[in-house]
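Here is a friendly walk through one structure, meant to be read with the viewer open. Please take a look at the fold, and then we can go through it piece by piece.

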Amino acid sequence: MSYPSTPWWRYPGFALGLFGTEKSFRKNPLIGDPRLNALGLHRERVKLAARMANYRRGLLAGAVSAEERAAFDRDGFVIRHDALPDEVFKRVRDFLKTRPLPAREMRQGQAMTRMIPIGPTALSRLPDLARFSHDASINGLIRYVGGIGGDPVHFIQTVIAEPALHDADPQTALHADTFHSTSKAWLFLDDVGPDDGPFVFVPGSHRLTEKRIEWEHRQSLIVSNDRSAYNVEGSFRITPDELAQLGDFTPRKVTVPANTLVVADTYAFHSRAASPRHTVRVELHAYHRSNPFALLPFSALSLVPGLHDRRLDIHLALTDRAAKRAGREPTWRDVGECTAYAPAHV
Ligand SMILES: [Fe+2]
């Protein structure tokens, strides 16, 4: 097997990537190799990752109530109402409406996403944020849903949909984020109605059925020639017709009152609903992804004092530096300080 455009010495690294989170069919030529995928490389990674996640969930189950475990098993996501004590919730929302914090922004078509890290700066100005980012029950649920140990990354997320700008938002197509269970959480600061660009989730689509395995395998054979950048990056889109062939699924708009926590396994199919009007959605958000083949639900990084709160700032500093070296704008543009509810800068 030879790949003339890639130097040979990079292949040990690519091979190692097969045993981790790497998902791109473009960046890792082994993951994207049609011959290896015809032999079942992608299919076997998917199957092994699902088995390992289920095994680790068994070890993480003690931190989650029986009702929430049942909801996850059935739907692939969990909805928890009144997630923060009322007075804490009100203080958090009032602060975020009026007081600026260091922010980053990214645009995808008509949708602008803002990220305000819940790190040392935000925590020192609004200690109540720790009721979300340091909460054992919330983090326990996030770990269980993703089937992974370690600490999630927490930030305040704003999504502003501006339909007047006509580009489509790529996140409004149903997709799985990657080939294995990962966890995302949203604690909504305002009511989310059907026209507020809510999250759309396909209940039950987190399960690795035989039909899903076959679909994953078929996708792995065609994806390298696919024109969709998202497919080739390993975040597979699915059409309504394909979804109907996988089973009796009905996508559901997750409309919720303020102070509701939603934690979802984003291996299940999901999207943002296309927004017919200008909308602003603000949420306390957590993102949790780790090696899907890890034997234990545990991360040595959790033992490093203070690292949990600083991880996102460190990651952003590193990506800023890489972008500068490559002579391009970073994906997450530093827009200085603004409130979570401020209009878009990018
Ligand atoms: Fe997604």
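## Strand β2 and its partners

Strand β2 (residues 101-108) and strand β11 (residues 333-338) pair in the antiparallel sense, with 4 bridges between them. Two strands count as paired if DSSP finds at least two bridges between them, and the elements themselves are DSSP runs numbered from the N terminus: helices are H or I with at least four residues, strands are E with at least two. Leu-101 has Cys-338 as its bridge partner in β11. Before going further, a word on the source: this is a predicted model, in which local features need pLDDT of at least 70 and side-chain atom pairs count only at pLDDT 80 or more, while totals for chains, interfaces and linings use all residues. Residues are numbered from 1 along each chain as its sequence is written.

β2 also pairs with strand β3 (residues 111-117), again in the antiparallel sense, over 5 bridges.

## The whole sheet

Where do these strands sit in the sheet order? The open sheet holds 8 strands in the order β1-β8-β5-β10-β4-β3-β2-β11, with antiparallel pairing. Its edge strands are β1 and β11, each of which pairs on one side only. On average, neighbouring strands of this sheet are turned by 25° against each other, direction ignored; axes here are lines fitted to C-alpha atoms, for helices over the stretch in contact, and angles run from 0 to 180 degrees between N-to-C directions.

Strand β4 (residues 153-161) and strand β10 (residues 279-288) form an antiparallel pair over 9 bridges. In this pair, Gln-157 is bridged to Glu-283 of β10. Helix α8 lies across β1, β5 (183-188), β8 and β10, and runs at about 25° to β8.

## Helix α3 and its surroundings

Which helix does α3 cross, and at what angle? The axes of α3 (residues 41-60) and α9 (residues 210-222) come within 8 Å and cross at roughly 140°. The crossing is right-handed; a crossing gets that name if the near helix is turned clockwise from the far one by less than a right angle, and is left-handed if anticlockwise. On the α3 side the contact is made by His-42, Arg-43, Val-46 and Lys-47, and on the α9 side by Ile-213, Glu-216, His-217 and Ser-220. Residues are in contact if their C-beta atoms, placed from the backbone, lie within 7 Å. By class, this contact has 2 nonpolar, 3 polar and 3 charged residues, where Ala, Val, Leu, Ile, Met, Phe, Trp, Tyr, Cys and Pro count as nonpolar, Asp, Glu, Lys and Arg as charged, and the others, Gly among them, as polar.

Buried residues of α3 include His-42, Val-46, Ala-49, Met-52 and Leu-60. A residue is buried if 20 or more other C-beta atoms lie within 10 Å of its own, exposed if 12 or fewer, and partly exposed in between, with C-beta atoms placed from the backbone. The cover over the buried residues of α3 includes α2 (34-38), α8 (136-146) and α9.

## Two tyrosines

Tyr-144 is found in helix α8. Tyr-144 counts as buried because 26 other C-beta atoms lie within 10 Å. Beyond its neighbours within four places in sequence, Tyr-144 is in contact with Arg-57, Leu-60, Ala-61, Ala-63, Val-64 and Phe-72. Tyr-144 and Asn-54 are 90 residues apart in sequence, yet 9.4 Å apart in space, C-alpha to C-alpha.

Tyr-341 is found in the segment after β11. With 16 other C-beta atoms within 10 Å, Tyr-341 is partly exposed. Leaving aside neighbours within four places in sequence, the contacts of Tyr-341 are Leu-96, Lys-97, Val-280 and Val-282.

## Two loop residues with positive phi

Asp-82, in the loop between β1 (77-80) and α5 (86-98), has a positive phi near 50° although it is not glycine. Asn-259, in the loop between β7 (252-254) and β8 (261-265), has a positive phi near 70° and is likewise a residue other than glycine. Which of the two is buried, and which exposed? Asp-82 counts as exposed because it has 12 C-beta neighbours inside 10 Å, whereas Asn-259 is buried, with 22 other C-beta atoms within 10 Å.
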